[in-house]
Amino acid sequence: MRIQINGEPHDLPASTADLPSAMNLVELIAYLKLAPERLAVEHNRQVVRRADWSRTFLSEGDQIEIVHFVGGG
């Protein structure tokens, strides 16, 4: 399946024992090896609340934006 992540085309692997056929945002974040604690995610131009990540499934052509929050002072 091909989606866009932060404006770049990205091919996700086909269904395997490790990855289900319909990947949700939680699984995408894990696949990308990102720490979810400091992320905001937009799916097709809609901000998705963290509580809804597991119910938001990806489809061919979806556009995902992932923003990392960085602390500092």
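Two strands count as paired if DSSP finds at least two bridges between them. Helices (H or I, at least four residues) and strands (E, at least two) are taken as DSSP runs, numbered from the N terminus. The model before you is predicted: local features need pLDDT of at least 70, side-chain atom pairs count only at pLDDT 80 or more, and totals for chains, interfaces and linings use all residues. Residues are numbered from 1 along each chain as its sequence is written, and side-chain values use heavy atoms, with hydrogens and water left out.

I begin with the hairpin. Strand 1, residues 2-5, pairs with strand 2, residues 8-11, in the antiparallel sense, and the pairing runs over four bridges. Within it, Q4 stands opposite P9 of strand 2. Two residues lie between the strands of this hairpin, and N6 adopts a positive phi near 50°.

I turn now to the salt bridges, each defined as a side-chain nitrogen of Lys or Arg within 4 Å of a carboxyl oxygen of Asp or Glu. How many does a search of the whole structure find? There are three.

One of them joins the side chains of R2 and D11, at 2.9 Å from N to O. For accessibility, buried means under 20% relative accessible area, exposed over 50%, and partly exposed in between (1.4 Å probe, protein chains only). D11, at 47%, is partly exposed, and R2, at 42%, is partly exposed as well.

Elsewhere, R49, D52 and R55 are linked in a network of salt bridges. The closest N and O atoms of D52 and R49 are 3.3 Å apart, while R55 meets D52 at 2.3 Å, N to O. D52 is partly exposed at 21% relative accessibility; R49 is exposed at 56%, and R55 is exposed, with 56% relative accessibility.
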